[in-house]
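Here are some friendly notes to read alongside the model. Please keep the sequence and the 3D view open as you go through the points.

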Amino acid sequence: MAELLKGKEAAAALNEDTAKWVEELKETGIEPCLAILRVGERPDDISYENGAVKRCEAVGASVKKAVLPADVSKEVFYRTLEDLNQDPSVHGILMFRPLPKELDNERARNSILPEKDIDGCSDASLAGIFTGKDLGFAPCTAEAAIAILDHYGVELSGKRIVVIGRSLVVGRPLAMMLLNRNATVTICHTRTKDIPSVTKEADIIFTSMGSPETLDAAYVREGQTVVDISICWNEAKGKLCGDCRFEEVEPIVDKITPVPGGVGAVTTSVLVRHLVQAADRKRNV
């Protein structure tokens, strides 16, 4: 039976450390402040927003909300975003996407100042990952996947790692972050032939396919660690699941993250950690 790498425990440790950091900043007169920019009333956005607000409150950070109607004009939207960029009391901006097409998602995400892009959605933030410079922040989900392994003491340096998925949100930035930790990384994707033959050679597998229960016993071997990043809905079973067919993979591998209760449970904690880091950078300017 595999060791379950539960996100709740990793998040709790991260939150405790972040709260101490907030206390230190407040002693210097800096109160980390998150600005949430939301367009419309999408239930998934509101759910994540509630989680982010709760997490901020738990560590002592403050929150400002800018909620705009779904039919907001370009002028009002970009003026609101620029106001948040220029507000010295705001250290990080969380902008929910996708936005209405009329607002131009590409322009919007790249309009956030890199130093306030705590969700890691801009091209500047991605450039920072690839160059190793402090430009913006890493995408929260990718960093959360690594944070879980750090919490449980899983070594990355020198390990053979396979990342399944090449999106700019998870796969590619995650691969670069792992390279920066001295891992040997292979990326698999939809055009990769015979993925199981590749994954079986790995010490650690990160999967972000977004394909419910695709990764089965044929993909793994004994001794591996599997980090399932995807959160999917299995209509046939009527429940949330990941890329892994858990009941087949878990008995074989050494360690595995559950879905739900794995990477997703850490993502908001990473977001707030980025917020406090952004505030700390202001202290050192």
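1. Two aromatic pairs turn up here, counting rings of Phe, Tyr and Trp (its six-membered ring) whose centres lie within 6.5 Å; planes under 30 degrees apart are stacked, over 60 edge-to-face and the rest tilted. Tyr 48 and Phe 96 form an edge-to-face pair, because their planes stand at 85° with the ring centres 6.1 Å apart. This pair joins distant parts of the chain, 48 residues apart: Tyr 48 belongs to helix α2 (residues 43-59), while Phe 96 sits in the loop between β4 (92-95) and α4 (105-109). Helices (H or I, at least four residues) and strands (E, at least two) are DSSP runs, numbered from the N terminus.

2. A word on the source: this is a predicted model, in which local features need pLDDT of at least 70 and side-chain atom pairs count only at pLDDT 80 or more, while totals for chains, interfaces and linings use all residues. Residues are numbered from 1 along each chain as its sequence is written, and side-chain values use heavy atoms, leaving out hydrogens and water.

3. How exposed are these two rings? Tyr 48 is partly exposed, with a relative accessible area of 25%, whereas Phe 96 is buried at 7%. Buried means under 20% relative accessible area, exposed over 50%, and partly exposed in between (1.4 Å probe, protein chains only).

4. Phe 77 and Tyr 78 are also edge-to-face, since their planes meet at 85° and their ring centres are 4.9 Å apart. Phe 77 is buried at 0% relative accessible area, and Tyr 78 counts as buried at 12%. Arg 107 lies over the face of Tyr 78, 3.6 Å from the ring centre; the rule asks for NZ of Lys or CZ of Arg within 6 Å of the ring centre and within 35 degrees of the ring normal.

5. Do look at helix α7 (residues 171-180): seven of its ten residues are buried, so the rest of the structure largely encloses it. Among the buried ones are Gly 171, Pro 173 and Leu 174. The buried residues of α7 pack against α5 (123-131), α6 (140-151), β5 (160-164), β6 (184-188) and β7 (204-207). Just after α7, Asn 182 has a positive phi of about 70°.

6. Finally, find Asp 216 in the loop between β7 and β8 (225-228). Asp 216 touches Arg 245, Glu 248 and Val 249, leaving aside residues up to four places away in sequence; contact means heavy atoms within 4.5 Å.
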